[in-house]
Amino acid sequence: MTENAILISLATLPVIVLAIFIYRKDKFEKEPLRMLAKAFFFGCLSVIPAILIEQALQLGFFYMGGKYMSGIVTGIYNGFIVAGCSEELCKLALLALAVWKAPDFNEYFDGIVYATFVALGFAGVENIMYVLNQSTFESAIMTGGVRAILSVPAHFLFGVGMGYYFALAKFNPGKRRQNLWKAFVYPMLLHGTFDALLMIPEAMGESGAWMSAVLFPVFIYFDVKLWKVAMRHLKGLQEMSGRQDDGYSDPDGSYGQEPPQQGDAFSGFKWDI
């Protein structure tokens, strides 16, 4: 096996594992493979506009004096605006194009399934690009290993949050705009926080060592909470899909406002670990 084949396998392995995980979580009516492939492919495509938007945002920041900004400001801008805003917006747009009107999108949990497949498509392409762009095989292996633990699962978790509100928007017409807005804002804020905690020390350069020591425990805490909130969202929409399969009638979307004992994406950060 060539080095590139090894690196591509390393980059795609976490994507495959998480795709199988969410597919098995879909307990009531498995989504057709053709729709999952479509969502994944649209996620891959979303990388293209995201890169173009990111380049424009970085260029604009540079010409507006970004090169004179502190590392903290640069890290926050790159985390929330360049990465979080552009990537989550593109993923949401391609998710809507891929599945919003699809007859197979007929259960609450489907929103999470399709959103995570879009997110994994994006993460897979991004991961391959990062890994193959390293200067040495050893650094590529290291990058692939770190991203398999952190970055790919992060995209998956942002997809869970997006799919949660995307499903509520689909099946609750009375709050459609509000939930579609949340399907963008909450993943963007989660993504921005995740990236900024890593990007601030990097943007500070040699002086960022102390900031890294301060922010890394915060990052670990945030990552753990992110997983706990995502699992609560999975459970909540599984319960609502079960109610749909039991024949519960919901003509006005009354129970689609939020799953039982569920809050919004950030209320979960008040829960105990």
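**Entry 1: the model.** I am working with a predicted model.

**Entry 2: α1 against α6.** I began with helix α1, which covers residues 3-25. I looked up its packing with α6 and found an angle of about 10°, with the axes 8 Å apart. Angles under 35 degrees count as roughly parallel, so α1 is roughly parallel to α6. Next I asked which residues meet here. From α1 I noted Glu3, Ile6, Leu7, Leu10 and Pro14. From α6 I noted Phe137, Ala140, Ile141, Gly144, Gly145 and Ala148. Sorted by class, this contact has eight nonpolar residues, two polar and one charged.

**Entry 3: α6 against α7.** I then followed α6, residues 137-149, to helix α7, residues 151-171. Their axes lie 3 Å apart, at an angle of about 30°. The same cut-off of 35 degrees applies, so α6 is roughly parallel to α7 as well. On the α6 side, I listed Val146, Arg147, Ala148 and Ile149. Ser151, Val152 and Pro153 make the contact from α7. The class count came out as five nonpolar residues, one polar and one charged. I was pleased to meet Ala148 again: this α6 residue is in the contact with α7 and also in the one with α1.

**Entry 4: Arg24.** Back in α1, I picked out Arg24. Is Arg24 buried or exposed? Its relative accessible area is 66%, and exposed means over 50%, so Arg24 is exposed.

Note on methods:
Residues are numbered from 1 along each chain as its sequence is written. This is a predicted model: local features need pLDDT of at least 70, side-chain atom pairs count only at pLDDT 80 or more; totals for chains, interfaces and linings use all residues. Side-chain values use heavy atoms; hydrogens and water are left out. Axes are lines fitted to C-alpha atoms, for helices over the stretch in contact, and angles run from 0 to 180 degrees between N-to-C directions. Helices (H or I, at least four residues) and strands (E, at least two) are DSSP runs, numbered from the N terminus. Angles under 35 degrees count as roughly parallel, over 145 as roughly antiparallel, 65 to 115 as roughly perpendicular and the rest as oblique. Contact means heavy atoms within 4.5 Å. Ala, Val, Leu, Ile, Met, Phe, Trp, Tyr, Cys and Pro count as nonpolar, Asp, Glu, Lys and Arg as charged, and the others, Gly among them, as polar. Buried means under 20% relative accessible area, exposed over 50%, partly exposed in between (1.4 Å probe, protein chains only).
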